[in-house]
Every structure is written in structure tokens, then in C-alpha cells.
Amino acid sequence: MSDLIVIGYENPDTAQQAYEQVQRLQREFIVGLRGLAVVNVDHEGKTHVDTPQRIIGPSAAAGATFGLLIGLLFLVPGMVLLGGTIGALIGKFNKSGIDKDFRERVAHLIEPGHSAVVIMATKITDDKFASAMQPFGGTVLKTSMSESDERELATELAGA
């Protein structure tokens, strides 16, 4: 099971600091990451995604699933162009906890000039994580994906 956490910030600098804090928390084993990104929407409405240099997830499939997830949540050009399979993938996301309601809440969270930290965690020590992230504030959205949902998405992506 993975937890998907999206933390929205009005200030891109605060989002960057929070993103760096999550990386420190990973090194301290407070959070186990399958994916991590900071998403910035500039004042013209263009979306920019930054991820750590090395692959965080345990496999290429996990990285591809996280990349697709970022694309679906933030409609990053190039990440969702998977031809006819996109409808099936969205359908699978709808059944996995990343439904239309969650995607709409994410869309309202990040508007031009705002940023978000997107975390896909396989393990999280909730109290330590919350305490470490509290100084940054932000609006938190959270949902979960089962391992079987993640495997189905990875299989769909392999076919794409």
C-alpha cells in the first residue's frame, strides 16, 4: 500500500524547502519513498516538475507509475500522451483512490504562482513526519493506493 500525499503551498520557496525536508526524512528512515516531486505552476499557468536526480522507486515500473500519476494530476504536457490507453489508465486510477474528486481537489490546490510537493510513500512514521513538516504549513491532501492497484497500473503502462 502506498500513500499519496499532495501538500500545496502559495509560495514556491516554501514548497522547495518542504521538498528538501522530505528528502532528509527519507535519509532518516521516517518516510520510505516510491516517488517525490515538487510541482510549480508559474504565473502564466505552465507546470514545471522537479524530481530527485536518482530514481527513488524500487523499479522502473514504480517510476513510470509515479510519472503518469504526476501527469494525470497536473496535466503536464508529454506525460499523459499515451494514445488510446489513457482512458483505461484513468479508469484504473479512478478505482484506486485517485478518483475524479481527488484530482479536482488537487487542481484547486495549485493555481498559477503556487506549488505542491507530491509524495508517494510506502512507509511513513506519521507523528515524526507531521512534526518535521509542520513548520512549512501548506494544505494537505492524502489518499492511498493498494499494491494490487499499483501492479495493475504498472502492467497497463508496460502494455502502453
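A residue counts as buried under 20% relative accessible area, as exposed over 50%, and as partly exposed in between. In this predicted model, Asp 126 has a relative accessibility of 47%, so it is classed as partly exposed. Its partner is Lys 142, with which Asp 126 forms a salt bridge whose closest N and O atoms are 4.0 Å apart. Because Asp 126 belongs to helix H5 and Lys 142 to strand E5 (residues 139–145), the pair ties together parts that lie 16 residues apart in sequence. Lys 142 is likewise partly exposed, with a relative accessible area of 42%.

The structure holds two salt bridges, and the other joins the side chains of Arg 105 and Asp 101 at 3.5 Å, N to O. Both of these residues sit in helix H4 (residues 100–109), four residues apart, or about one turn of the helix. Arg 105, at 37% relative accessibility, is partly exposed, and so is Asp 101, at 44%.

The axes of H1 and H5 come within 10 Å and cross at roughly 145 degrees, in a right-handed crossing. Ala 18, Gln 21, Val 22 and Leu 25 of H1 make this contact with Phe 129, Ala 132 and Met 133 of H5; by class, the contact has six nonpolar residues, one polar residue and no charged ones.

Note on methods: Residues are numbered from 1 along each chain as its sequence is written. This is a predicted model: local features need pLDDT of at least 70, side-chain atom pairs count only at pLDDT 80 or more; totals for chains, interfaces and linings use all residues. Side-chain values use heavy atoms; hydrogens and water are left out. Axes are lines fitted to C-alpha atoms, for helices over the stretch in contact, and angles run from 0 to 180 degrees between N-to-C directions. Helices (H or I, at least four residues) and strands (E, at least two) are DSSP runs, numbered from the N terminus. A crossing is left-handed if the near helix is turned anticlockwise from the far one by less than a right angle, and right-handed if clockwise. Contact means heavy atoms within 4.5 Å. Ala, Val, Leu, Ile, Met, Phe, Trp, Tyr, Cys and Pro count as nonpolar, Asp, Glu, Lys and Arg as charged, and the others, Gly among them, as polar. Buried means under 20% relative accessible area, exposed over 50%, partly exposed in between (1.4 Å probe, protein chains only).
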